[in-house]
Amino acid sequence: MDALGSLAYGFGIALTPFNLLLALVGAALGTAIGALPGIGPINAIVLLLPLCFSLHLPPESALIMLAGLYYGSGYGGRISSILLNIPGDPGLAMTTIDGYPLAQQGRGAAALALSGIGSFVGGTLTVVLLTLLAVPLARLAVRFGPAEYVSLMVLSFALLSTMGQGRIAKTWASIAIGLLLAMVGVDGGSGVERFTFGSLELLGGIDFTTLTIGLFAVSEILIVVEGLHGGRIADFKGGERLRLPEVVGCIPTMLRATGIGFLAGVLPGTGAAVASALAYTAEKRISDRGTFGKGDMRGLAAPETADNAAQTASMVPMLALGIPGSGTTAVLLGALMMYSITPGPLLFTQRPEIAWGLIASMYIGNIMLLLLNLPLVGLFARLLLVPYWILFPAILALSYAGVYAATNSAFELVLTTVIGVVAYVMRKVEIPLIPLLIAFVLERLLEDNLRRALSLSDGSPTILFASPFAIVFWVLAAVVLLLPLIAPRLRRRVRDMSESEGT
Amino acid sequence: MAASATFDRIVGAVFLLLGIGAMWHAQGLQVAFAADPLGPKPFPAIVGAALAVAGAALVVRSGRVAWQSGAWVKVAAVAAAAIVYPLLLVPLGFIAATSLLSLVLARALGGGWWQSVVASVILSAAIFAVIDLMLGLPLPRGPMGH
């Protein structure tokens, strides 16, 4: 089946009234949750994942809804970035640089409209690329054996540690902890209990919803309670509306940013934060006349477009290889695994309704969000006025209700809290949490492939280096790992970009 | 508070110990049967070693972390409430237990007493209504029974 035929099949699934409704619910809820100050896309998905799962939605419907949430939260996140100067997620940090000044000048409504359009352009163009690229890539990946997979995953960990935020040693520690946490429970190949310490509850391993709610929702709330963030809401009413020439003036910017966002998003480990930072820096080089940072429309359009393009592009490795490049795609993959579906290149042939239904729903989701956001943004922005003492208790209560609904165990709630407190401390000492999450999701795939490779070779590790692809991946991983030693300045610049103020 | 290297050293030492612990745990596994030549031991040992190395690197070359401490008493109170919450959930039921947890959090976030009490009870009841009654996912009902 060619890409267009498959896409038509996908639309057939995504356009059923039920799935369309789920996409709409996801997009609207995502925008609302994303609009809450300090709550990023990952929290939006994490919060609703347990409910999605316990409602026994079919996997493609659950994924369509979660993807709607993912996009929606991106649209919503820019509301608090632009009006409050609080980015809900590192990918949105660059949005504040020109977005907040625009809001202060009374052009908040125009800024929100432009960022909606930019996100739409970045998202839609990238979905087209995804449609064309996913199958060829998956076809290539089908031929990957266990050795290729092991080396590919090591490569993506290397990329995470070098390109991501934070110190390399801390990222590796985070990856190692994620892998160890995923090993808790009975080992499939031998029936041996690992890291259970005699606890019956841990035999089945750590539940994915428990981990994600603890890691993101609980730790986020503790950070909010600590009260170091704050901000005043800028006016979003009135002011001059967005003019057509302003949008037209931003089109070249958006196209450039889409390209940058796509490339950064396809690579594991870089993701939206680096993409929007790169796009902003590039755009500043090209078009700055001393206006950037003071409310330049192009300075807003570039990171917004790149952010959405990267978000969408990170679906490429997730769908074609089964390897998540970002925290959010890791959650989507984890959701698939909760349905006992093995992600990977075979998804396109074995479960086309999931792969193509999801891709088609991205087209629909982007249009839906644009239609939802342009007229209703004022309504969503009003959510910023809800006092914290109502908002966060509601989020915490919903989190625990979700974990309980998904697991039916009070023990899991204790575990959720413990993970949340540990994650809070990790954030305080600047240990990134996303690598932990990605590693947790990848552990099974990595260990299974490692053991399968060595079964094929009767225990000889040379098999890991025996194929051309595997060798290429190992060499790339080595280069990426050694890069900071060869070019320390390069790494520092990438890191400075992705580590902007406020996150 | 000023930036200090102490945090990195402590964190590094913890990672070092955890990594060594993981390797020790992996070595101690009793494997009667394994479907593959590698078995369940080496992978946790490798990952434990990686964690130990990362921890050692943090101890030796510790960076400065600026620990900004805000209202840590409130953080501790909310964390304590969240630890106690699961123990109360089944005996008291979702609405009562969640109201108590939400009350602590609402107070910590600056809500007044009456505001917090009203908000906590209403939102707990609302979430119960949506998840248990509307979506049909059972939450503990406590003394009210089934």
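**Where chain A meets chain B**

Analyst: In this predicted model, the contact draws 53 residues from chain A and 62 residues from chain B. On the side of chain A that touches chain B, the elements that each give two or more residues are α3 (41-54), α7 (168-183), α8 (208-226), α17 (388-407), α18 (410-428) and α19 (434-456) of chain A. The largest share of that side comes from α17(A), with 13 residues. Sorted by class, the side of chain A that touches chain B holds 36 nonpolar, seven polar and 10 charged residues.

Turning to chain B itself, we find five helices and two strands, and along the sequence they follow the pattern β-α-α-β-α-α-α. The domain assignment of chain B gives domain 1 (3-66) and domain 2 (72-144), and the C-alpha centres of these two domains of chain B lie 37 Å apart.

The overall dimensions of chain B can be read beside that separation. Its C-alpha atoms fill a box of roughly 55 × 50 × 20 Å along the principal axes, and chain B has a radius of gyration of 23 Å, whereas a compact globule of 146 residues would have one near 15 Å. Of the 146 residues in chain B, 40% are buried. Finally, when one takes the contacts in chain B between residues at least 6 apart in sequence, 64% of them join residues at least 24 apart.

Note on methods. Residues are numbered from 1 along each chain as its sequence is written. Chains are lettered from A and ligands numbered from 1 in the order in which they are written. This is a predicted model: local features need pLDDT of at least 70, side-chain atom pairs count only at pLDDT 80 or more; totals for chains, interfaces and linings use all residues. Two residues are in contact if their C-beta atoms, placed from the backbone, lie within 7 Å. Helices (H or I, at least four residues) and strands (E, at least two) are DSSP runs, numbered from the N terminus. Ala, Val, Leu, Ile, Met, Phe, Trp, Tyr, Cys and Pro count as nonpolar, Asp, Glu, Lys and Arg as charged, and the others, Gly among them, as polar. Domain bounds come from an automatic or database domain assignment. The radius of gyration is taken over C-alpha atoms; the globule rule is 2.2 Å times the number of residues to the power 0.38. A residue is buried if 20 or more other C-beta atoms lie within 10 Å of its own, exposed if 12 or fewer, and partly exposed in between; C-beta atoms are placed from the backbone.
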